[in-house]
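This report covers a predicted model.

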Amino acid sequence: MVHIQDIFKSMDIEGKIDYSKLNHKQKKALRNIIECKTEAMGFNTDVCECCGHTEIHYNSCKNPNCPECGSVDKEIWIHKQERFTLNVNYFHVVFTIPNELNVLCLIDPKFMYKVLFDISAETIKELSKDKTYLGAKIGFTSVLHTWGQNLSLHPHIHMIVPGGGIDSNGKWKNSKKKFFLPVKVVSKLFKGKFLSYTKKNFDQRKIKDKEQFQEIINSCYSKDWVVYTKKSMKSAKHVVKYLGRYTHRIAISNARLKKYEDNKVTFSYKDYSDHNQIKEMTLDDTEFFRRYMMHVLPSNFMKIRHYGFLGNRNKEERIKAIRTATNTKNPGPLLIDYEQIISDILKRDVSICIKCGQKRHYQLE
């Protein structure tokens, strides 16, 4: 099986990577990916108390851009978020921006991605407060993705929204079973707010051609923007697991890689424009590397954000009252069984020694 680690390690050895074109965050991601689960990351040794069998475990790099990592962190995140799910319908909303804005995203990704977060959140909060639609303050979680299936630049926000909110009297108000905001209204307001803010605040000194900036803005005003919703989800556990698929996902996983031969990388992708057919694409390894590194987010940039009554400040207290109003059971204390999580990921009981088959307690050396 081909691994991204193997591709980058081979390119590094052959001197095909131009480090001068990488920022600090990209350099760190590259080094972590190459060294993940190798001696360079250190290791720990477990000894079975029953038979003395020794296992060496090389440490993970825990870099959010590494395809070898994230499985355990994702499951822990899911366990923690399950405490804040409610007994209501949930909606999955996706905010995208036109391809014309990709130029600005490449020039100043930190600014553009922050605008994408802020304006999508502002749009849905403003419309939800309107009594025409809901008339309540809502809470939701947003996750930023920057890639398309073929690793091209495609910034968009995945938003999971509980179906309801807190009205002016402090009481819970359920939304309609179908998404409570008209998608066309959401799209229009999102477009207007996004372009207005970008036009006023983008640092045009970073662009050589000032006319190009105005042309981009004008072309985006003339286009229909895409905001769409998926079917509502009723099961709280389904909601969190569904969101978990998006929170810790990276641009491409090892599972999609088909081969790496003659300095070319072949991988599978889903073609949404052709009835979601699975196809294959082949890129030069240098182009594959460029596209991969394009999706390493700027330093100190959070890709998961919580808003409204799901905001982190005093969340526990707010959720207590909302649980009562929505007939949601109290989840009790947070209990995380790390051994079970790892067993589920590896699809074997890690408490059983692979040598003697006995239930054991490892002795850490």
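## Nonpolar cores

The largest nonpolar core has 45 residues. Within this core, L101, F190 and F194 touch the most other members. Seven elements are listed as supplying at least two residues each: β3 (90–96), α4 (102–107), α5 (109–129), β4 (139–147), β5 (153–162), α6 (183–201) and α7 (210–221). Helix α5 gives the largest share, 10 residues.

Take L101. Beyond its neighbours within four places in sequence, L101 contacts M112, F194, I216, C220 and W225. A separate core holds 31 residues, including I4, L30, I34 and L257. In soluble globular proteins, nonpolar side chains tend to be buried together.

## The sheet

Five strands form an open sheet in the order β8-β3-β5-β4-β12. Pairing is antiparallel. The edges are β8 (227–229) and β12 (304–308), and each of them pairs on one side only. From one strand to the next, the twist averages 20 degrees.

Strands β3 and β5 are joined by 7 bridges, in the antiparallel sense. V94 has H158, in β5, as its bridge partner. Helix α6 packs on the sheet and touches β3 and β8. The directions of α6 and β8 make an angle of about 145 degrees.

## K184 on helix α6

Is K184 buried or exposed? K184 lies in helix α6. Its relative accessible area is 75%. Exposed means over 50%, so K184 counts as exposed.

K184 and V226 are 42 residues apart in sequence. Their C-alpha atoms are 8.7 Å apart in space.

Key:
Residues numbered from 1 in each chain as written. Predicted model: local features only at pLDDT ≥ 70, side-chain atom pairs only at ≥ 80, totals over all residues. Heavy atoms only, no water. Core = buried A, V, L, I, M, F, W, Y, C linked by side-chain atoms within 4.5 Å. Buried < 20%, exposed > 50% of the residue type's maximum accessible area, 1.4 Å probe, protein only. Helix = DSSP H or I, 4+ residues; strand = E, 2+ residues; numbered from the N terminus. Contact = heavy atoms within 4.5 Å. Pairing = 2+ DSSP bridges. Axes fitted to C-alpha atoms, helices over the stretch in contact; angles between N-to-C directions.
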